[in-house]
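Work through the exercises below with the sequence and the model open. Each task is followed by a solution in steps.

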Amino acid sequence: GKYPPLVSKELFDIVQEVSKRYNKPQKAVKKKFAYRGLLTCAKCGCAITAEIHKGKYVYYHCTGFKECENKKNYVREEVLDDKFAEIVRNIYIPEKLLELVKESLLESHKEELEYHQNKTQTLKNQKKKLKERLHKLYIDKLDGKINEDMYDELSWQWEKEIEDINEALERHERADFNYLSRGIYILELANKAYSLYKKRNRLERAKLLNILLSNCLLDGENLYPVYRKPFDLLAKQATYPNWGG
């Protein structure tokens, strides 16, 4: 009113704007349900969702978009912990077999390297010959030994062959030689999967399950896993020890 303002109108407006910005109501943090996205209803094929009861108990159930009877079947998260643990336990490869498979991978890797090296060298030799032909063709044209039409036809043909060879060389250069390390990693993961699962929290367990499983069907409290390759073979080996001979 009667007294001179302590701050300018401009400064007052700036402070009000900043105050509004920092005093916005905070959005509620959305809880991450560890096993959501890993499960599908065995009855109707809909997704399995999760919700909290009494502020702390997590239950999973079918979304029920198709009026599925499993919508009323609530499964506690602790029950799923144990069910998933059994599924992970099935993925196991004995130490003796692990060493045999490693040796087989090493031998396969050696053969793969030799194949790519031989093919690459063959392609390079072909490319060299074609370049020599093109050079000689150009000299013959300059010397008048061949006419322009013949030069154009042959040069186009050989340049096209060189392009094809370059593409083939690129494919061999891009060949994936990391399958050896990935293969050994998968085998060692199979040996340690269960102990890793037991030591991790739920969100970390879900990450491990995403590596091992492509989906899991939930029917009541029963879980039916769909393993990713090659863990499906390791799980089958664990379930049927004599499978595969």
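**Exercise 1. A pair in helix α2**

Is Glu86 buried, partly exposed or exposed, and what is its relative accessible area? Then describe the salt bridge that Glu86 makes with Arg89.

Solution. The model is a predicted one.
- Step 1: Glu86 has a relative accessible area of 43%. Buried requires under 20% and exposed requires over 50%, so Glu86 is partly exposed.
- Step 2: Arg89 has 42% relative accessibility and is partly exposed as well.
- Step 3: The salt bridge between the side chains of Arg89 and Glu86 has an N to O distance of 3.5 Å.
- Step 4: Arg89 and Glu86 are three residues apart in helix α2 (residues 77-89), so about one helical turn separates them.

**Exercise 2. The chain as a whole**

State how many helices and strands the chain has, their order, and the share of residues that is buried.

Solution. 
- Step 1: The chain has seven helices and six strands.
- Step 2: Read from the N terminus, the order is α-β-β-β-β-α-α-α-α-α-β-β-α.
- Step 3: Of the 245 residues in the chain, 30% are buried.

**Exercise 3. Further salt bridges**

How many salt bridges are counted? Describe the pairs Asp140 with Lys136 and Asp232 with Lys229, and list the members of the network that includes Arg202.

Solution. 
- Step 1: The count is eleven, where a side-chain nitrogen of Lys or Arg must be within 4 Å of a carboxyl oxygen of Asp or Glu.
- Step 2: In the pair of Asp140 and Lys136, the closest N and O atoms are 3.3 Å apart. The two residues are four apart in helix α3, so about one helical turn lies between them.
- Step 3: Asp140 is buried because its relative accessible area is 13%, whereas Lys136, at 52%, is exposed.
- Step 4: Asp232 and Lys229 form a salt bridge with an N to O distance of 3.5 Å. Asp232 is partly exposed at 22% relative accessible area, and Lys229 is exposed at 71%.
- Step 5: The network links Arg76, Glu77, Glu78, Asp81, Arg202 and Arg205.
- Step 6: Arg202 is placed in helix α6 (residues 202-212) and is partly exposed, with a relative accessible area of 28%.

**Exercise 4. Surface patches**

Which residues form the negative surface patch, and which form the nonpolar patch of about 270 Å²?

Solution. 
- Step 1: The negative patch consists of Glu107, Glu111, Glu112 and Glu114.
- Step 2: Glu114 belongs to helix α3 (residues 95-142). Its relative accessible area is 38%, which makes Glu114 partly exposed.
- Step 3: Patch members need over 30% relative accessible area, and the 38% of Glu114 passes that cut-off.
- Step 4: The nonpolar patch consists of Tyr138, Ile139 and Leu142, which together have about 270 Å² of accessible area.
- Step 5: Tyr138 is in helix α3 and is partly exposed, with a relative accessible area of 39%.

**Exercise 5. Surroundings of His172**

Is His172 buried or exposed? Find its side-chain partner and its C-alpha distance to Tyr115.

Solution. 
- Step 1: His172 is in helix α4 (residues 148-173).
- Step 2: The relative accessibility of His172 is 13%, so His172 counts as buried.
- Step 3: The side chain of His172 makes a polar contact of 2.9 Å with the side chain of His116.
- Step 4: Tyr115 lies in helix α3 and is partly exposed, at 46% relative accessible area.
- Step 5: Tyr115 and His172 are 57 residues apart along the chain, and their C-alpha atoms are separated by 9.6 Å.

**Exercise 6. A backbone angle**

What is the phi of Lys54, and where is Lys54 found?

Solution. 
- Step 1: Phi of Lys54 is positive, about 55°, and the residue is not a glycine.
- Step 2: For residues other than glycine, phi is negative in most cases.
- Step 3: Lys54 sits in the loop between β2 (48-53) and β3 (57-62).
- Step 4: With a relative accessible area of 77%, Lys54 is exposed.

Terms used:
Residues numbered from 1 in each chain as written. Predicted model: local features only at pLDDT ≥ 70, side-chain atom pairs only at ≥ 80, totals over all residues. Heavy atoms only, no water. Patch = residues over 30% accessible without salt bridge, like charges linked within 9 Å, V, L, I, M, F, W, Y side chains within 5 Å. Areas by Shrake-Rupley, 256 points an atom, 1.4 Å probe, with all protein chains shown as cover. Lys, Arg positive; Asp, Glu negative; His and termini not counted. Charge placed at Lys NZ, Arg CZ, Asp CG, Glu CD. Buried < 20%, exposed > 50% of the residue type's maximum accessible area, 1.4 Å probe, protein only. Polar contact = N/O pair within 3.5 Å; in protein donor to acceptor, adjacent residues only side chain to side chain.
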